[in-house]
Amino acid sequence: RDPDGDWSSDVCSSDLEAYFHVIHQVPGVLVCEKHECRLFDYIDEYKSEIEFIRLEYDNIRFKKATFYEKKINDVLFQIAISVKYIKNLEYLKYNREFILEKFYKLLDEKGYLTEHSKIRQTKLIADFKNYYEEKMLKILNSEVDSNNGKWIKEIFTYVRYSSQPVRTILLILFLTNNNIIDFFCEKNEKKLEFIQGPWPCLNPVCHYYKKD
């Protein structure tokens with residue numbers, strides 16, 4: 001940006017160096033997590049998956065920053081900063097079991113679980129669809145209409161199901177009201193509380209049976 005806060009039309013300068021950002025390569029990240037502007041493909045098709053790509057200023061087609069519609073851009077920005085946050089987590093601490101456990105906890109709090117811990121799928125999908133604009137979900141290839149809404153069910157149904165990262169993030173943001181940090185935060189987890197001991201021994205074969 002220029003000093004006045006407006007986007008500069010010139011992307012290169014003698015004192016700047018352009019480079020590829022890791023976060024921008026994640027599927028579903030469509031805006032910059034820093035500037036909120038729209039991202040464009042540098043190269044539409046690759047000759048080879050192992051081809052070395054060098055960033056050439058002459059190949060940059062878009063010289064001015066552009067944005068999606070505000071409501072859509074705001075959601076896409078939340079996705080981008082969520083990816084950045086997740087990227088910096090201690091990845092070995094979080095696995096599929098942890099994610100599902102957190103999901104079910106939130107589903108229960110939001111009233112999406114039955115008394116037998118079954119997901120009220122119809123209600124969940126309907127509320128999810130009302131939360132996000134259809135146009136935005138279509139941009140992310142994550143529609144939840146009658147033909148494409150099964151991906152939400154599959155996240156909770158198949159043990160070996162591998163969801164697209166952006167879809168998992170969409171669910172997290174939906175259930176936490178755009179608070180990705182709250183989802184992964186463990187400090188607020190309830191711990192089992194026990195009354196102050198001592199406690200009686202309940203093992204009948206032990207000579208301390210019924211004693212404290």
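**Questions on a predicted model**

Student: Phe77 lies in helix α1, residues 70–87. Does Phe77 count as buried or exposed?

Tutor: This is a predicted model, in which local features need pLDDT of at least 70, side-chain atom pairs count only at pLDDT 80 or more, and totals for chains, interfaces and linings use all residues. Residues are numbered from 1 along each chain as its sequence is written, and side-chain values use heavy atoms, leaving out hydrogens and water. Buried means under 20% relative accessible area, exposed over 50%, and partly exposed in between (1.4 Å probe, protein chains only). Because its relative accessibility is 16%, Phe77 counts as buried.

Student: Which residues does Phe77 touch, not counting those up to four places away in sequence?

Tutor: Contact here means heavy atoms within 4.5 Å. Leu30 is 47 residues from Phe77 in sequence, and their C-alpha atoms are 8.1 Å apart. With residues up to four places away set aside, Phe77 touches Val31, Cys32, Glu33 and Glu36.

Student: Ser82 also has its place in helix α1. With which residues is Ser82 in contact, leaving aside neighbours within four places in sequence?

Tutor: Ser82 is buried, because its relative accessible area is 1%. Leaving those neighbours aside, the contacts of Ser82 are Ile169, Leu173 and Ile180.

Student: How many helices does the protein have?

Tutor: Helices (H or I, at least four residues) and strands (E, at least two) are DSSP runs, numbered from the N terminus. The elements run α-α-α-α-α-α-α from that end, and the strand count is 0. The number of helices is 7.

Student: What share of the contacts between residues at least 6 apart in sequence joins residues at least 24 apart?

Tutor: The chain has 212 residues, of which 30% count as buried. For contacts at a separation of at least 6, the share joining residues at least 24 apart is 63%.

Student: Which residues of helix α5 are buried?

Tutor: Their cover includes α2, α3 (121–131) and α6. One of them, Phe156, is in contact with Leu100, Phe103, Tyr104, Leu107, Ile119, Leu124 and Leu171, leaving aside neighbours within four places in sequence. In α5 (residues 150–157), the buried residues are Trp151, Ile152, Glu154, Ile155 and Phe156.

Student: Which residues of the lining lie nearest the centre of the second largest pocket?

Tutor: On a 1 Å grid over the protein atoms alone, a pocket is an open set of points with protein on both sides within 12 Å along at least five of seven lines, a cavity is a set where a 1.4 Å probe fits but cannot get out, and lining residues have an atom within 4 Å of a point. The space in this pocket is about 550 Å³. α1, α2 (96–109) and α6 (165–176) each give two or more residues to the lining. Of the 23 lining residues, those nearest the centre are Ile86, Ile99, Pro165, Thr168 and Phe184.

Student: Which residues line the largest cavity?

Tutor: The volume of this cavity is about 50 Å³, where a volume is the space filled by probe spheres set on grid points joined across faces, edges and corners. The lining residues are Lys129, Glu134, Leu137, Glu143, Val144 and Asp145.
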